[in-house]
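Let's take a walk through this structure together, one contact at a time. Have the sequence and the 3D view ready before you start.

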Amino acid sequence: MARIELTVDGGKVSDDVEPRMLLVQYLREKLGKTGTVIGCDTSNCGACTVHLDGRSVKSCNVLAVQASGHEVTTIEGLADTHEGGDLHPVQEAFRECHGLQCGFCTPGMIMQAVDLLAENPTPTEAEVREGMEGNLCRCTGYHNIVKSVLHASSTTAGGAR
Amino acid sequence: MIPTQFEYLAPTSVDEALAALAEHGDEAKVIAGGQSLLPVLRMRLNAPEVVIDLGGIEALRGVREDGDALVIGAMTTHHAVLHDALVGEHAALLVKAEHQLADAQIRHRGTIGGALAHADPAGDLGAPALALGAEFVIAGPGGTRTVPADEFFVDLFETAIAEGELLTEIRVPKHTGWGAHYEKFVRVAHQWPIVAVAAAVRVEGGTIAEARVGLTNMGSTPLRARSVEEALVGQPATEDAVASAAARAAEGTNPPSDLNGAADYRTHLAQVLTRRAVLAAAGA
């Protein structure tokens, strides 16, 4: 077992875990943060995207021990990173633009969109599509997902984070 | 799937990492960003008893200048390389390739050294490293040695890094003012290329003065398209002249046949992509 200490969604946590435990497993099985989902389990689909020290990563492709000493934000803590309102502006935009059908890819889509807008607050449609290339949607809802990201960009004047 | 059990070591210096490697030998696997290794461990294609994580070695991160070369720490992430001002100015070809490598999330974790040491023939950085004449600084029990790109890539997933050694730095000769382009042909977004071509050219008054061309996935290692390079020198940067040189792109290659395409298809692709890459690099 290995001792890990990290910050998840603003709270400090510490645990003894097997070194082979994936970050996504740790979040879901140890912390009960099932808002982060496992999609493909092969690091392709991006459904498990969280932020590690403020940058998007696929949490099925990071070991929990590698996150020790670092800060993780999941979809469950995203709204708290934003002042005012129950939802983060990107969450709000996905609701407004119907950026989901079944919703399974949505946690990852939103976390990646927040990262994208932090780096490029006013992306073009092409830049959104390229920036979201690591996230798959099997309802073929890409058009409304792209619309949602662009909408979030416009409603926050790029200040989505 | 999750990996089999392993012991996890997190050294904070290269010396500590080398000591761990010396102690555990071939029972150990080194993890850099882990974006290629973790899927392998999860699918249990490999089951090391010890995993040595280089993530805590800060000295291996960052880009600096050293005379006519850039020195890129092996643990510098793809994202950091992509946005580094020095790399943008002196090694634009790397930026072009990094921009198309995998996706944003993978680029945040994955490292330039990890990708090059992994030596996947479909990896995006081998061809640019070859084309730019990069050198690889490898640390071992007896000190460090420097290996030129031509000798670094040995075979499929095999490099000049020997047991007990670590890749610590990549030295890239400055190609300031060169035009560059990475032309990648993929089946779907964020996948490995079926074939890709890395081209850097120095154009003087409309004529190609120097050219470097690297090929991805046209053999078991990245390859230099030397006959194309030679044919380009002295030519005008025009569609006809470049197409004529690019027709030689597959010379000396041994492309694989797989579900994405047969060898003769790749031979054709290499020529088409080389023409596109060189023209784009030359700004034509």
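Start where the two chains meet: the contact takes 24 residues from chain A and 23 residues from chain B, where two residues are in contact if their C-beta atoms, placed from the backbone, lie within 7 Å. On the chain A side, β4 (55–58) and α4 (106–119) are the elements that give two or more residues. β4(A) gives the most to that side, with 4 residues. The side of chain A that touches chain B has 6 nonpolar, 11 polar and 7 charged residues. Here Ala, Val, Leu, Ile, Met, Phe, Trp, Tyr, Cys and Pro count as nonpolar, Asp, Glu, Lys and Arg as charged, and the others, Gly among them, as polar.

A quick word on what you're looking at. This is a predicted model, where local features need pLDDT of at least 70 and side-chain atom pairs count only at pLDDT 80 or more, while totals for chains, interfaces and linings use all residues. Residues are numbered from 1 along each chain as its sequence is written, and chains are lettered from A and ligands numbered from 1 in the order in which they are written.

Now stay in chain A and find helix α3 (residues 89–96) and helix α6 (residues 142–155). Their axes come within 8 Å and cross at roughly 130 degrees; axes are lines fitted to C-alpha atoms, for helices over the stretch in contact, and angles run from 0 to 180 degrees between N-to-C directions. α3(A) and α6(A) are therefore oblique to each other, as angles under 35 degrees count as roughly parallel, over 145 as roughly antiparallel, 65 to 115 as roughly perpendicular and the rest as oblique. Among the residues that meet there are A:Ala93 and A:Phe94 in α3(A), and A:His151 and A:Ala152 in α6(A). The residues of this contact of α3(A) with α6(A) divide into 5 nonpolar, 3 polar and 1 charged.

Over in chain B, the domain assignment (automatic or from a database) gives domain 1 (7–53), domain 2 (63–172) and domain 3 (180–281). The C-alpha centres of domain 2 of chain B and domain 3 of chain B lie 20 Å apart, and 20 residues of domain 2 of chain B are in contact with 21 residues of domain 3 of chain B. The side of domain 2 of chain B that touches domain 3 of chain B divides into 14 nonpolar, 2 polar and 4 charged residues.
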